[in-house]
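Here is a brisk report on one protein model.

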Amino acid sequence: MSRWRWLAALAAAVASTLASAAGFDYQLQPRKVADGVYALIGKTENFSRENGGNIVNTGFIIGRDGVIVIDSGPSKAYGEQQRAAIARVTDKPIVQLLLTHAHPDHVFGNQAYPGIPIASLPATAVTLTQSGDALLGNLYRLVGDAMRDTEVRLPNAAAADGAFSMAGRKLRLMAARGHTDGDLMVFDEASRTLFAGDLVFFERTPTTPNADLPHWLSTLDSLDSLDFAVLVPGHGPVLHDHAGIAQTRDYLRWLRDGLQGAARRGLDMPEVLQLPVPERFQQLAVLKTEYERSVTHLYPAYELDTLPTIPRSKPK
Ligand SMILES: [Zn+2]
């Protein structure tokens with residue numbers, strides 16, 4: 001290596017060390033979606049070093065006496081920058097963090113909220129207690145430096161289905177399941193804004209590593225009758241209509257029916273992975289990867305369902 005090349009390499013290494021010492025900048029920009037209601041919209045991508053894990057929508061609601069935060073994002077740095085972004089909008093104190101579910105992109109910013117009540121459904125707390133470290137380790141591998149110093153912080157309060165008044169703001173917490181076994185939705189009565197968590201995806205292929213498709217589909221059906229003005233999905237653009245609910249349902253029904261049909265025809269997993277995906281889903285972000293993940297997670301159970309049950313002989 002020539003001396004100049006060596007110096008250039010050294011300069012690049014120094015610049016990169018300085019950049020990482022400064023920390024990952026998520027460039028969070030709160031977007032007002034209703035009166036006193038804001039969303040922080042992530043990218044419709046897979047986890048990567050470039051996006052620092054910011055593939056998620058989070059939000060906050062400003063009440064008379066304080067701020068309620070919905071999900072804390074993928075890392076300590078995200079949580080800290082989320083707090084800073086909130087402080088640019090309001091000087092009211094943060095009084096509550098609500099977690100929609102246990103997936104890593106939604107909960108690993110908890111560390112930025114010491115001393116603040118962090119509430120989730122009991123199932124979310126159980127998953128994070130049992131698998132939080134494994135989920136976190138996986139995110140370190142996928143995202144790298146933006147995760148620096150991030151640790152698991154468990155919820156310290158239980159959320160339950162029903163009315164929830166906080167900081168002078170009337171919310172309705174809606175307990176459901178389907179995307180995971182504990183999916184919390186947050187409905188703001190004054191603005192009729194629904195934070196749907198990952199029960200609703202829009203323009204981004206749904207993820208299913210912990211999904212129960214029949215429960216998820218019936219939860220989506222129950223949302224049909226909810227009179228909302230704004231819907232913040234877990235991933236994808238903010239909506240003012242039912243298009244995200246319809247799209248998520250359409251994809252999940254197609255997935256369920258395809259896997260069921262393939263199992264009945266006796267296809268093996270590599271054959272299912274080759275099945276054509278309808279044209280109407282081709283514009284969904286991360287389609288190929290998520291379809292492959294879904295087949296891998298879900299197909300074995302559908303195959304098992306088609307196996308004949310042999311009656312067990314009675315003990316003599
Ligand atoms: Zn999720």
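Gln81 counts as partly exposed because its relative accessibility is 22% (buried is under 20% relative accessible area, exposed over 50%, partly exposed in between, with a 1.4 Å probe and protein chains only). This is a predicted model, where local features need pLDDT of at least 70, side-chain atom pairs count only at pLDDT 80 or more, and totals for chains, interfaces and linings use all residues. Residues are numbered from 1 along each chain as its sequence is written, and side-chain values use heavy atoms, leaving out hydrogens and water.

Gln81 sits in helix H2 (residues 76-89). Helices (H or I, at least four residues) and strands (E, at least two) are DSSP runs, numbered from the N terminus. Setting aside neighbours within four places in sequence, Gln81 contacts Phe24, Asp25, Tyr26, Gln27 and Leu28 (contact means heavy atoms within 4.5 Å). Phe24 is 57 residues from Gln81 in sequence, and their C-alpha atoms are 9.7 Å apart.

Now the sheet. Five strands form an open sheet in the order E8-E9-E10-E11-E12, with mixed pairing (two strands pair if DSSP finds at least two bridges between them). Strand E8 (162-166) and strand E12 (230-235) are the edges; each has a single partner strand, so one side of each has no neighbour in the sheet. From one strand to the next, the twist averages 30°. Axes are lines fitted to C-alpha atoms, for helices over the stretch in contact, and angles run from 0 to 180 degrees between N-to-C directions.

E8 pairs with strand E9 (residues 169-176) in the antiparallel sense, over five bridges. Gly162 has Leu173 in E9 as its bridge partner. Helix H5 (residues 213-223) lies across E9, strand E10 (183-188) and strand E11 (193-201), at about 155° to E11. Helix H6 (residues 243-264) also packs on the sheet, touching E11 and E12, and its direction makes about 15° with that of E11.

The pockets come next. On a 1 Å grid over the protein atoms alone, a pocket is an open set of points with protein on both sides within 12 Å along at least five of seven lines, where a 1.4 Å probe fits; lining residues have an atom within 4 Å of a point. Volume is the space filled by probe spheres set on the points, which are joined across faces, edges and corners.

| Largest | about 500 Å³ | 29 residues |

Closest to the centre of the largest pocket are Phe47, His103, Pro104, Pro209 and Arg293. Helix H4 (122-143) is among the elements that each supply at least two lining residues. H4 gives the most, with nine.
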